[in-house]
Amino acid sequence: MQSVYEAAGGEAGLRRLAQAWHERVMADEIVSHAFSRGYHPQHTERLAAYWAEALGGPAVYSQRYGDETSVVRMHSGNGRHEEMDRRAIDCFDDALDAVGLTAEPLRQVLHDYFAHTTTTTMARYHESADAVPEGLTIPRWSWNGPQQS
């Protein structure tokens with residue numbers, strides 16, 4: 001069976017999705033606040049590599065950029081931000097449409113992955129980045145949702 005990564009167009013497809021999402025969040029008055037102190041110049045490339053690894057693609061993110069601990073720490077210690085999360089998910093859904101990832105069940109699987117990651121994984125340590133444990137690995141997601149390690 002084809003992986004979610006492959007169905008989404010592999011590396012190129014996820015780069016297009018990451019670029020479309022990034023453009024939308026930067027234009028959103030609430031979500032763009034998360035980037036107000038700047039962001040890595042290769043943010044889109046890194047984001048696409050992270051999504052690729054999580055969705056069944058190669059482990060490029062882990063090999064080049066860091067582990068899940070480093071990703072979660074970047075998103076931690078900023079307090080609760082449910083409205084920002086909701087709007088980031090809306091931007092993701094708009095990006096799916098923009099890049100043509102609209103066929104079901106792929107669209108729903110990608111939406112579910114992003115929504116789960118945004119509201120659960122990245123929001124778990126809202127009080128302090130220091131609370132994020134060492135050695136976390138990027139969680140995998142398949143057609144059936146989160147995979148057990």
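## Helix H2

In this predicted model, the buried residues of H2 are Gly-10, Gly-13, Leu-14, Leu-17, Ala-18, Ala-20, Trp-21, His-22 and Val-25. They pack against helix H1 (4-7), H3, helix H6 (82-98) and helix H7 (106-121).

With 18 residues at 1.5 Å a residue, H2 should span 26 Å, and its end C-alpha atoms are 26 Å apart, so the two values agree.

## H2 against H3

Two packed helices are described by the angle between their axes and the distance between the axes. For H2 (residues 10-27) and H3 (residues 43-54), the axes come within 8 Å and cross at roughly 125 degrees. H2 is therefore oblique to H3, because an angle between 115 and 145 degrees is neither roughly perpendicular nor roughly antiparallel. The crossing of H2 past H3 is right-handed.

On the H2 side, the contact is made by Leu-14, Arg-15, Leu-17, Ala-18, Gln-19, Trp-21 and His-22. H3 contributes His-43, Thr-44, Glu-45, Leu-47, Ala-48, Trp-51 and Ala-52. Sorted by class, the contact of H2 with H3 holds eight nonpolar, four polar and two charged residues.

## Helix H6

The same check works for H6: its 17 residues, at 1.5 Å a residue, should span 24 Å, and the end C-alpha atoms are 24 Å apart, which agrees. Its buried residues are Met-84, Asp-85, Arg-87, Ala-88, Ile-89, Cys-91, Phe-92, Asp-93, Ala-95 and Leu-96. These buried residues of H6 pack against H2, H3 and H7.

## Between H6 and H7

Most residues other than glycine have a negative phi, and most peptide bonds are trans. Just after H6, Gly-100 takes a positive phi of about 80 degrees. Pro-105 lies in the loop between H6 and H7, and the peptide bond from Glu-104 to Pro-105 is cis, with omega near 10 degrees.

## Thr-121

Thr-121 is placed in helix H7. Is Thr-121 buried or exposed? Its relative accessibility is 10%, so Thr-121 counts as buried, because the cut-off for buried is under 20%.

Leaving out residues up to four places away in sequence, Thr-121 touches Glu-68, Val-72 and His-116. Thr-121 and Gln-148 are 27 residues apart in sequence, and their C-alpha atoms are 14 Å apart in space.

Technical notes: Residues are numbered from 1 along each chain as its sequence is written. This is a predicted model: local features need pLDDT of at least 70, side-chain atom pairs count only at pLDDT 80 or more; totals for chains, interfaces and linings use all residues. Side-chain values use heavy atoms; hydrogens and water are left out. Axes are lines fitted to C-alpha atoms, for helices over the stretch in contact, and angles run from 0 to 180 degrees between N-to-C directions. Helices (H or I, at least four residues) and strands (E, at least two) are DSSP runs, numbered from the N terminus. Angles under 35 degrees count as roughly parallel, over 145 as roughly antiparallel, 65 to 115 as roughly perpendicular and the rest as oblique. A crossing is left-handed if the near helix is turned anticlockwise from the far one by less than a right angle, and right-handed if clockwise. Contact means heavy atoms within 4.5 Å. Ala, Val, Leu, Ile, Met, Phe, Trp, Tyr, Cys and Pro count as nonpolar, Asp, Glu, Lys and Arg as charged, and the others, Gly among them, as polar. The expected span of a helix is 1.5 Å times one less than its number of residues. Buried means under 20% relative accessible area, exposed over 50%, partly exposed in between (1.4 Å probe, protein chains only).
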